[in-house]
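Please keep the sequence and the model in view while reading.

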Amino acid sequence: MKTTLIITTYNWKEALGSVLDSVKNQLELPDEVIIADDGSKEDTAQLIKEYQNSFPVPLYHSWQKDDGFRAAQSRNKAIAQAHFEYIIIIDGDIVLPPSFVLDHKKHAVRGQFIQGGRVLLNQECSQHVMNTAKLPTFFSSGLKNRKNIINNKLLSSIFSKISNSDKSTRSCNMSFWMEDIIKTNGFNNEFIGWGREDSEFVLRLLNSGLSRLYLKFSGVGYHLFHNENSRASLAENDAILEKTITEKLTRCEQGINQFLEEQHD
């Protein structure tokens with residue numbers, strides 16, 4: 001089983017550098033990494049070029065024009081370029097513990113997709129991680145969701161569970177089989193602005209008959225502090241979500257298919 005790690009980013013090269021450093025330290029590396037860039041400036045492209053020179057696996061940069069918050073389309077464009085059958089997606093502010101990729105792979109089962117957890121770092125703790133490349137411990141100050149930092153095989157087997165709803169959906173740490181992404185047409189490109197694009201995708205996956213494994217005490221990510229995104233588009237995005245709920249949709253019209261077709265042109 002081979003994996004593609006997708007990392008979303010937008011104009012925060014310092015955080016992206018910390019994330020890429022944590023990828024290099026994985027106990028089991030992904031087979032490739034694709035940066036899903038939602039319109040960052042040239043300094044992000046330059047950072048990626050520098051990492052490409054010595055990165056242990058192929059590192060690609062998928063970029064689209066900056067035309068508002070279009071995370072759904074950015075992810076689709078990057079995923080369409082993937083060469084492998086299992087897709088792990090994280091945000092460019094999620095620093096990974098060494099077992100992260102291995103944990104997702106160990107729990108990957110056909111007919112399921114995975115929702116991973118996160119530990120929230122405050123501003124001071126985040127800056128320390130970015131400056132030193134040292135991950136926090138359970139006893140570090142400045143943590144929220146502290147218990148998620150525990151990585152334990154027995155506890156994971158007890159507390160990880162099937163949770164077939166869109167509650168607690170966090171696209172900053174998820175994984176899927178490529179065939180399931182294609183079947184449901186990936187994220188919905190109609191989503192512009194922050195919010196709901198991940199929940200809507202999850203609902204279509206569930207409507208298509210898949211189950212969601214909510215992973216506990218395994219596969220956690222460390223979420224660097226940043227100011228919250230604008231919620232100005234929530235009303236429009238909620239309407240798209242509501243349509244998927246009401247009509248029990250399994251596919252979206254504007255999804256990954258357009259980028260898959262571009263790959264084959």
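The sections below treat a helix, the aromatic residues, the cavity and some individual residues.

The model is predicted: local features need pLDDT of at least 70, side-chain atom pairs count only at pLDDT 80 or more, and totals for chains, interfaces and linings use all residues. Residues are numbered from 1 along each chain as its sequence is written, and side-chain values use heavy atoms, with hydrogens and water left out.

## Helix H8

Helices (H or I, at least four residues) and strands (E, at least two) are DSSP runs, numbered from the N terminus. Residues are called buried under 20% relative accessible area, exposed over 50%, and partly exposed in between (1.4 Å probe, protein chains only).

Helix H8 spans residues 197-207 and is mostly covered, with 10 of its 11 residues buried. The buried residues of H8 include Glu197, Asp198, Glu200 and Arg204, and also Phe201, Val202, Leu203, Leu205 and Leu206. Contact here means heavy atoms within 4.5 Å. The buried residues of H8 pack against helices H3 (71-79), H7 (178-184) and H9 (234-247), and against strands E6 (112-115), E10 (173-177) and E11 (211-214). Just after H8, Gly209 takes a positive phi of about 105°.

## Aromatic pairs and charges over rings

Rings of Phe, Tyr and Trp (its six-membered ring) pair if their centres lie within 6.5 Å; planes under 30 degrees apart count as stacked, over 60 as edge-to-face and the rest as tilted. By this rule the model holds 6 aromatic pairs. One of them joins Tyr86 and Trp177, whose ring centres are 4.9 Å apart and whose planes meet at 75°, so the pair is edge-to-face. This pair links distant parts of the chain, with Tyr86 in strand E4 (residues 86-91) and Trp177 in strand E10, 91 residues apart. Tyr86 is buried, with a relative accessible area of 0%, and Trp177 is also buried, at 6%.

Phe176 and Phe201 form a tilted pair, 5.2 Å centre to centre and with 45° between the planes. This pair, too, links distant parts of the chain: Phe176 lies in strand E10 and Phe201 in helix H8, 25 residues apart. Phe176 counts as buried at 1% relative accessibility, as does Phe201 at 1%. Ring pairs link Phe113, Phe176, Phe187 and Phe201 into a cluster.

A charge sits over a ring if NZ of Lys or CZ of Arg is within 6 Å of the ring centre and within 35 degrees of the ring normal. Two such arrangements are listed here.

| Charged residue | Ring | Distance from ring centre |
|---|---|---|
| Arg75 | Phe187 | 5.1 Å |
| Arg110 | Trp177 | 3.7 Å |

## The cavity

Rolling a probe the size of a water molecule over the atoms shows where empty space is left. On a 1 Å grid over the protein atoms alone, a cavity is a set of points where a 1.4 Å probe fits but cannot get out, and lining residues have an atom within 4 Å of a point. Grid points are joined across faces, edges and corners, and a volume is the space filled by probe spheres set on the points.

The structure holds 1 cavity of 30 Å³ or more, and about 40 Å³ of space lies in the largest cavity. Its lining consists of Gly117, Asn148, Leu215, Lys216, Phe217, Ser218 and Val220. By class, this lining has 3 nonpolar, 3 polar and 1 charged residues. In this grouping Ala, Val, Leu, Ile, Met, Phe, Trp, Tyr, Cys and Pro count as nonpolar, Asp, Glu, Lys and Arg as charged, and the others, Gly among them, as polar.

## Individual residues

Most residues other than glycine have a negative phi. Phe217, one of the cavity-lining residues, has a positive phi of about 55° although it is not a glycine. Phe217 lies in the loop between E11 and strand E12 (221-223) and counts as buried at 11% relative accessibility. Asn11 likewise has a positive phi, of about 50°, without being a glycine. Asn11 is placed in the loop between strand E1 (3-9) and helix H1 (13-24) and is partly exposed, at 31% relative accessibility.

Asn237 lies in helix H9 and is buried, with a relative accessible area of 1%. Leaving aside its neighbours within four places in sequence, Asn237 is in contact with Phe191, Ile192, Gly193, Trp194, Gly195 and Arg196.

Conventions:
1 Å grid on protein atoms, 1.4 Å probe; cavity = no way out; pocket = protein on both sides within 12 Å on 5 of 7 lines; lining within 4 Å.
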